[in-house]
Amino acid sequence: MSMLKASSPHIHGPAAVNAVMLEVSLALLPALAAYTWLFGWGVIFNVLLAIATALLSEAAVLRMRGREVAATLGDGSALLTALLLAIALPPLAPWWLIVVGTAFAIIFAKQLYGGLGFNPFNPAMVGYVVLLISFPLEMTSWLAPLDVREHTLDLSATAAYVFGGQLPLQGGIDSLTMATPLDTVKTRLGLEHTMGEILRDPVLGILGGRGWEIVNAMVLLGGLWMLFRRLITWHVPVAMLGTLFVTSGLFHLIDPEHYSGPLFHIASGGALLGAFFIATDPVSGATSTRGRIIFGIGVGLFTFIIRAWGGYPDGVAFSILLMNMAAPTIDYYTRPRVFGHTGGH
Amino acid sequence: MSHQLHPFPGGLHLPGNKGLSTDRDLATAAVPPTLIIPLQQHIGAPAKPLVAVGDRVLKGQILATPEGYVSAPVHASSSGTVIAIEERPVPHPSGLAAPSIVIETDGEDRWIEHNGHSDYASLDPSELRNIIRDAGIVGLGGAGFPSFIKLNPGARTEIDTLILNGAECEPYISCDDMLMREHADQVLLGARIMRHALHARQCLIGIEDNKPEAIAAVQKALQHLDEKEIQVVEIPTRYPTGGEKQLIKVLTGKEVPSQGLPIDIGIVCHNVATAASVYRAVERGEPLISRIVTVTGHGAARPQNLKVRIGTPIRDLLQAAGGDNSKPYTLIMGGPMMGFTLDSEALPTTKTTNCLLLATEEDIPSRGPVNPCIRCGECARVCPALLLPQQLYWHARAKDFDKAQDYNLFDCIECGCCTYVCPSNLPLVQYYRFAKTEIWAQERERKAADKARERHEFRQFRIEREKEEKAARHKTKAKAVKKDAAADEKKAVIQAAMERAKAKREAAEVQPKNTENLSEAQKRQIEEAETRRAAKTDNPAEQASEENK
Ligand code: SF4
Ligand code: SF4
């Protein structure tokens, strides 16, 4: 017999952090595939650059902190952050944009707080917002979906742009990009166009933006799969999307010419990605069931407010960061009643 | 069977692995060459030996008598000669040794004369309790609290429900299952006696629905008995439904108040095996000298349940179960969720040994890497006490014990559900045990310091007093006698006042969240905490350094 002294319980369930991270990453694949299919090779560069940057910068910090490198990289959290950023960033972007955003996310938003589990904010969202504020031009030049574009870019042309900043095209990058659907709606509403007119814009599809709605459908697919696999619980996505739906629906009912419909809100921008993949991040979110519902409602509400009246076309990233800040407080006030205690604590 | 059930919060569906040991019939282990009978196999004070080395003893003979109220006697489980009364290692999480009586058996297995009472109903409850106490019966479900105490409702409460715990929710263990299959009649007759002793209105026997044979057997026996107030309730299989508080919740919908006892809400809970030994004690006059032990796990060649004489060395039992499988295994006493590892097969089985698990890699696969807490909340979702294990973990780890108590550390029943589901593989329960141990130790040290301070204060006071008196005596030597008497009187008055103040202070002391009124489980925890501390085996500090490297 072995003389191993171990403390109970001696058995453990199947759950493991790295398995969770890997499965969530897998759940992103359909959306990434659709993104690439519809928007071209740039997405592949984004993904590869983000992964390389995330792993290298995490390894560098871990080495500086004197921590074990391989074990921590193996937890899969850096990989997931990289993928989330890659899908959130414009599909054709200069290499340094991806590198700066990812490195910031990993080094400042995660490792400087103490690494996985200690970061109060979702690292990918921090990286995204930092880029949005610092490089508004690059962050808002979104490639149009392939089928509405005049030109297509092959692999070598994409590489030339990503790494050299040069496009072998007349008219440069501008001939390829267009405003995102949310941008379009926002700008044209600002120009006093009515929703009726705006909806005929070629950038808009059936529910959301053309092309985007397919990517988002894949995000939804991944999200549902995560629910089915119990990687996430329904509370955050349902609370967030429900709130977004209800608030936008309400305003749309009151004033349909100035407020886009609830389905458009849900199918556009980062709403689905945020609801299923980012606001569900346990580390930076609320932990209790009630807390998660409150958290989701907050994200949904802020998203609508920013989209409708704020300075940015999409508000998901900001809303999630705002609620990240509130999470500890939410947790504190949603402590469960302990068994055998009457009320309170 | 149309009993209304009330689910308890949290909990887990665990792979049961019970078939491993229930596929073979219940057998009886042979009389071993030596029996090692520890004097303390229960919660409370160790028993005091009544025999000496060299004495011949008979099966069923009392070997040691209880000391104090919370204590239990021990008996010889076979006939033979006492060859030693000495410290022997006992199966305990601490791995410590404890005084034990060692008997060399003579193989005759000759009973001492013993007589039962054919009509329990003619005995009044206190007589019954004395019989049960003298039979050395303690809770056989694992806690080992003297049963006669829990059969005393006292003046304060009416007992509504006696609950018999046949849930046996922990994986691998099947001794209660086997007992109910084979001796359902004894369980029911014991229940009847217990109900009589408690004047309980009804008796509910809770059995998990993964034991259909046991349920059928008890129900069949119940038909013969024709007792309308005893009811068998099939409960859903869910760990830890066999926890006292959880079972009470499931069967009655009531919650035992934190820091409280089931009796506070008119409920008393006993294990089914305890009921069967109560029957044997009362109606046959047999003390508690044997029990059923599950020997199981993939390390055992022939896993099965054995009727075992208490004191039988574990090695003999393993041989009875076909020896080991030549696969490396860890020996665990109890189940895989709450059991503890043993480091020797020379240890004896005791009254609370329900299961010996020869756990191979197949049974208890090695853990994955430890990661930092990712706040996923899984632990809170499964916690039957509705605690926030991740918060407890933070505070226990930071040694912030006040905070840990704010988060109700002492409501933790150490069921292990949180650790089981934690994707970061954190040894959560280990931290809670560590924190509890430290808190009890601090409390004890504080009490000792208080006492020392008081002694010191009183001494200072006396010295001052004596100085003054001396001075006074010098001045008025003539009136010395009279004055001394007065001083003495004064001193006595002051001393009495100080004693009163001290008593008051002690009474008002902030206990580690109330140490009176402890439940059986809590008492066991304290006891374990104390010995753990003595043995220093459970400090998770080493693991702490592993995390978050
Ligand atoms: S299950 Fe583990 S990782 Fe998840 S919140 Fe609890 S302690 Fe943290
Ligand atoms: S061991 Fe304690 S904290 Fe963990 S689940 Fe059980 S009762 Fe809750």
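A salt bridge here is a side-chain nitrogen of Lys or Arg within 4 Å of a carboxyl oxygen of Asp or Glu. With that in hand, I started on the contact of the two chains.

**Ground rules**

I am working on a predicted model, in which local features need pLDDT of at least 70, side-chain atom pairs count only at pLDDT 80 or more, and totals for chains, interfaces and linings use all residues. Residues are numbered from 1 along each chain as its sequence is written, chains are lettered from A and ligands numbered from 1 in written order, and side-chain values use heavy atoms, with hydrogens and water left out.

**Entry 1: chain B against chain A**

I looked up the salt bridges between chain B and chain A and found two. One I noted joins the side chains of A:Arg337 and B:Glu255, at 2.7 Å from N to O.

Next I asked which elements of chain B each supply at least two residues of the side that touches chain A. They are helices H6 (244-252), H10 (389-397), H12 (417-421) and H13 (428-475), with strands E15 (330-333) and E16 (340-341). Helices (H or I, at least four residues) and strands (E, at least two) are DSSP runs, numbered from the N terminus.

By class, I count 30 nonpolar, 16 polar and 13 charged residues on this side of chain B. Ala, Val, Leu, Ile, Met, Phe, Trp, Tyr, Cys and Pro count as nonpolar, Asp, Glu, Lys and Arg as charged, and the others, Gly among them, as polar.

Contact (heavy atoms within 4.5 Å) takes 59 residues from chain B and 40 from chain A. The buried area is about 4400 Å², with 55% from carbon and sulfur atoms; this is the accessible area (1.4 Å probe) that two parts lose on being put together, summed over both.

**Entry 2: the two domains of chain A**

Chain A is divided into domain 1 (16-178) and domain 2 (180-334), with bounds from an automatic or database domain assignment. I found 31 residues of domain 1 in contact with 28 of domain 2. Together these domains bury about 2700 Å², 80% of it on carbon and sulfur atoms.

I found one salt bridge between them: the side chains of A:Arg229 and A:Glu23 meet at 2.8 Å, N to O. In chain A, the elements giving two or more residues to the domain 1 side are H1 (17-39), H4 (77-88) and H6 (123-134). H1(A) gives the most, with eleven residues. That side divides into 26 nonpolar, three polar and two charged residues.

**Entry 3: the two domains of chain B**

Here domain 1 (19-28 + 115-359) and domain 2 (370-477) have C-alpha centres 33 Å apart. The contact takes six residues from domain 1 of chain B and eight from domain 2. I noted about 660 Å² buried, 58% of it on carbon and sulfur atoms. In domain 1 of chain B, B:Gln246, B:Met337 and B:Met338 lose the most area, together 53% of what that side buries.

**Entry 4: ligand 2**

Residues around ligand 2 (a heavy atom within 4 Å) include B:Cys383, B:Cys412, B:Cys415 and B:Cys418. H12 and H13 of chain B each supply at least two residues of this shell.
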